[in-house]
Amino acid sequence: MKFKIFFLLLFSFISSFAQQNLSINGTIINSENEKITSPIVVYLFDHENHLVKSTVTQDAQFEFHQLQSKNYYIQISSDDNIQKEKPFSLDKNLDLKIIYKPKTSDIEEVTLTGNKSGFKIENGNITLDVANSPLNKLPTSTDVLSKLPFVMMDANGEGLSFVGKGVPLLYVDNQRVDFATLSAIAVDDIKSVEIIRNPSVKYESEGKAVIKINLKKSRKDGTQLTISETATFQKRFSNHFNANYQQKKNKTEWKLNAAYNQINHWESNGFEYSVPGKNIYSDYVITSITKRPQTIFGGSLYHELNDNDFITLTINSNFRPDNGDNNTNTMYFENGENSFIKTLNQQNRKRSTVNSIFNYNKKITGWDANIFTGLQYTHESDNLGYTFYNDTDNSGYNFSQFRRQKYSGNVYSGRIDFEKKLNEKHVFELGGSYTSAETDTDNFTDYRNSQAIEYYRYDFKESNFAGYTNLGFDLNKWNLKGGIRMESTSTKGLDPIFNETKIEREYVDWFPNAEINFKQSENYVFTLNFRKSIDRPNYRNLASGGLYGSPYVEYVGNPNLVPTYTNTVSFTTSLKKWSLNASFYKSRNPIGYTLVYDQDRNISKFTMVNFDKEFGTNIGLDFPVEWKKWTSQNSLSLNYDKTEDSLAVVKNSTPYLYFSTNNTFELLKHLSFLLDGSYITKRTAGLYEVNDMCLVNLGLTSSVSNFDFTLRYNDVFNQMNYVQKISYNQMTSTGTFFGNTPTVSLAVKYNFGKLLKSNYKQNTVNETSNRL
């Protein structure tokens with residue numbers, strides 16, 4: 001009897017499964033029964049007008065799998081034309097032939113109802129839809145990045161890192177930018193964000209991962225103005241006001257954006273350290289409370305000369321003074337004697353970033369090829385005035401010193417790219433670029449007659465020539481891609497006061513990239529990738545001028561830093577909507593922060609140094625969850641990293657887990673509840689010991705007429721404190737970087753007008769701007 005029940009249940013399950021696993025195969029033809037080879041978007045709707053799936057035709061073919069037995073209809077779209085087919089009932093696998101009639105169903109706008117997934121995973125790379133998700137309601141583009149899986153924002157909000165891959169490259173529409181330039185991008189302009197784990201040689205060889213922001217492409221002529229205001233409550237109150245204007249007419253389109261962000265900044269870090277050989281122990285905490293108003297301007301012009309030929313001109317700027325007080329409390333013990341020092345630093349700082357780009361693109365129709373040329377100029381300046389006072393053992397504040405520091409950098413870039421289309425799937429790529437960078441550091445320290453005035457000058461110049469080629473081909477279900485990038489670099493660091501050359505280097509590097517892809521079916525794809533990359537230190541970190549923290553601590557640069565070279569092997573398999581990935585990397589001369597004891601001056605310096613080597617491995621899973629009005633994207637990885645150095649105490653490394661989740665619950669038609677967060681376990685990575693961290697963020701978003709409202713509560717459990725322990729070169733230290741959280745923010749955005757078509761394009765020119 002039990003076996004009969006089992007087989008009955010088994011038969012019912014198989015029948016039910018068969019009804020849930022139907023397929024549709026289709027062909028798009030014209031009225032003359034010829035295949036339409038140009039890509040056409042195909043949408044599948046159910047009888048309740050809910051979007052079920054969508055795809056793009058390849059050689060006039062399309063497929064839908066894993067379907068239930070019910071009523072459907074198909075809608076196809078190309079350019080501005082949309083054609084709706086008659087409804088049909090699906091109770092078995094179906095082959096369709098659809099006759100497409102262009103310009104017979106030209107409509108102004110189509111609204112698709114239904115839950116659209118905001119995440120796409122392909123070959124281990126993740127694409128997030130920003131324009132059509134709650135991420136579009138965030139006040140700044142840097143806030144958008146903080147919500148990405150595997151991305152961890154610095155405690156001060158001015159930098160980020162990628163779990164297991166270090167600092168990623170940042171691109172905007174194929175243009176390499178730095179973190180400051182990225183903050184000038186309006187969230188309203190962002191269409192999507194791509195997390196590229198295995199970039200090709202066309203991307204700059206620096207870094208092990210790429211975060212690429214794609215700007216919106218609208219559909220018709222018109223005008224649009226968006227104004228938003230965001231009030232943010234952290235340890236201090238800040239507000240962000242943004243305006244974004246865009247207009248397109250015929251072949252010309254231009255954009256303007258402006259923002260004024262009144263930021264009341266709070267930042268704090270502290271170190272507990274000892275120098276056993278000198279009987280020194282100290283514990284200090286430095287807190288910065290400043291006013292940091294940001295004024296952001298941006299403008300761009302796009303003009304189409306003819307089909308596929310265009311020019312673009314873009315200029316954006318970010319001006320951000322930073323004035324206020326930095327206070328340091330230091331407990332200091334040496335040879336049995338102790339003292340308590342309070343240090344007051346009155347800060348007057350002006351920072352600015354200006355970035356400009358000119359692009360020209362030419363389509364060579366006869367060759368089915370494309371040539372792009374571009375020029376880019378980036379300027380960064382940072383001028384500071386510091387006045388320091390010390391209070392030792394509550395004796396009252398006494399003047400210590402005055403410091404003036406001036407830093408400026410200019411990067412000039414040019415590039416040319418040639419692409420030749422070999423077939424529908426493959427393109428032969430060939431290109432080259434030239435970059436020239438110059439930075440100048442000018443420091444002055446005045447002790448007011450207590451000791452001699454100190455001058456420090458440092459001029460740094462670097463030129464880089466790069467060339468690359470990339471090619472791929474198919475072999476049945478196999479796809480092979482390979483490329484190589486060559487870079488010739490010349491650097492020179494000069495002390496103009498003593499006319500002394502500090503560094504002078506000439507080197508040529510080769511960066512190969514290879515990818516093997518096996519496509520078993522549409523749902524099962526396997527990819528093996530190898531890449532060599534380089535991480536160069538920022539120009540600012542190469543200048544040794546420092547910041548006085550207390551009589552015993554300074555923050556300084558290091559002109560002796562050399563690049564880090566990394567080899568990475570990764571494997572990815574796509575299993576329907578799930579993606580499994582694994583990688584192994586090995587680095588030479590990795591760069592990291594640490595405290596270093598200066599025996600001649602009897603002080604500690606917080607600086608960047610090159611360690612001997614680093615290696616690591618990880619295995620991860622990316623998976624979505626969709627159920628009724630709940631959509632969720634989740635990423636889970638098991639990681640192991642180890643950094644080693646002959647001057648450090650290296651401990652046994654421990655594996656650690658990382659989990660990231662992003663959830664949207666549709667409560668009502670225009671009201672959604674948001675829940676996102678990440679968790680990383682405590683870990684030992686050779687010479688580093690790092691704490692665990694659990695970040696949970698909540699939110700509500702609503703759209704009423706032309707208004708968008710968003711309420712957010714970030715870091716609910718107040719976990720944004722980063723703790724790092726290290727024993728290096730005579731010193732043992734525990735550093736804590738305190739987060740400016742929890743955060744409550746309220747954002748209101750109003751949209752005027754509509755702009756639905758845009759041909760705006762912009763390509764990479766300067767690929768080293770982030771180093772300023």
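W254 counts as partly exposed, at 31% relative accessibility. Y245 is partly exposed as well, and its relative accessible area is 24%. On the cut-offs: buried is under 20% relative accessible area, exposed is over 50%, and partly exposed lies in between, with a 1.4 Å probe and protein chains only.

Before going on, the basis. This is a predicted model, in which local features need pLDDT of at least 70 and side-chain atom pairs count only at pLDDT 80 or more, while totals for chains, interfaces and linings use all residues. Residues are numbered from 1 along each chain as its sequence is written, and side-chain values use heavy atoms, with hydrogens and water left out.

The overall figures come next. The protein chain has 772 residues, of which 51% count as buried. Its secondary structure comes to three helices and 47 strands; these are DSSP runs, helices being H or I of at least four residues and strands E of at least two, numbered from the N terminus. Among contacts between residues at least 6 apart in sequence, 65% join residues at least 24 apart. Contact here means heavy atoms within 4.5 Å.

Now the rings. A pair of aromatic rings is described by the distance of the centres and the angle of the planes. The structure holds 31 aromatic pairs. Back to Y245 and W254: their ring centres are 5.3 Å apart and the planes meet at 55°, so this pair is tilted. The rule is that rings of Phe, Tyr and Trp (its six-membered ring) pair if the centres lie within 6.5 Å, with planes under 30 degrees apart counted as stacked, over 60 as edge-to-face, and the rest as tilted.

Y555 and F606 have ring centres 5.3 Å apart with planes at 65°, so that pair is edge-to-face. Y555 belongs to strand β32 (residues 553–555) and F606 to strand β36 (residues 603–610), so the pair ties together parts that are 51 residues apart in sequence. Buried or exposed, then, for Y555? Y555 is buried, at a relative accessible area of 17%. F606 counts as buried too, at 10% relative accessibility. Both belong to a cluster linked by ring pairs, made up of F271, Y284, Y555, Y593, F606, Y722 and F737.

Two lysines sit over rings. The charged end of K235 is over the ring of W266, 4.6 Å from its centre, and K532 lies over the face of F511 at 5.8 Å from the ring centre. To count, NZ of Lys or CZ of Arg must be within 6 Å of the ring centre and within 35 degrees of the ring normal.

Strands of a sheet pair through backbone hydrogen bonds, either parallel or antiparallel. Four strands form an open sheet in the order β31-β32-β36-β35, with mixed pairing; pairing requires that DSSP finds at least two bridges between two strands. At the edges are β31 (547–550) and β35 (591–598), each pairing on one side only. Neighbouring strands in this sheet are turned by 30° against each other on average, direction ignored. Axes are lines fitted to C-alpha atoms, for helices over the stretch in contact, and angles run from 0 to 180 degrees between N-to-C directions. β35 and β36 run antiparallel and are joined by eight bridges; G592 has V609 in β36 as its bridge partner.

N560 is exposed, with a relative accessible area of 53%. Which residues does N560 touch, not counting those up to four places away in sequence? They are I503, R505 and N610.

β1 (residues 22–29) pairs with β8 in the parallel sense over six bridges, and N25 stands opposite D95 in β8.

Last, the cores. The largest nonpolar core has 29 residues, and L145, L148, V193, I211 and I213 have the most contacts inside it. A nonpolar core is a set of buried Ala, Val, Leu, Ile, Met, Phe, Trp, Tyr and Cys residues joined through side-chain atoms within 4.5 Å. Elements giving two or more residues to this core include α2 (141–146), β15 (190–196) and β16 (210–215). L148 touches L128, V193, I195 and I211, leaving aside residues up to four places away in sequence. Apart from this core lies another, of 17 residues, among them I36, I40, L67 and F88.
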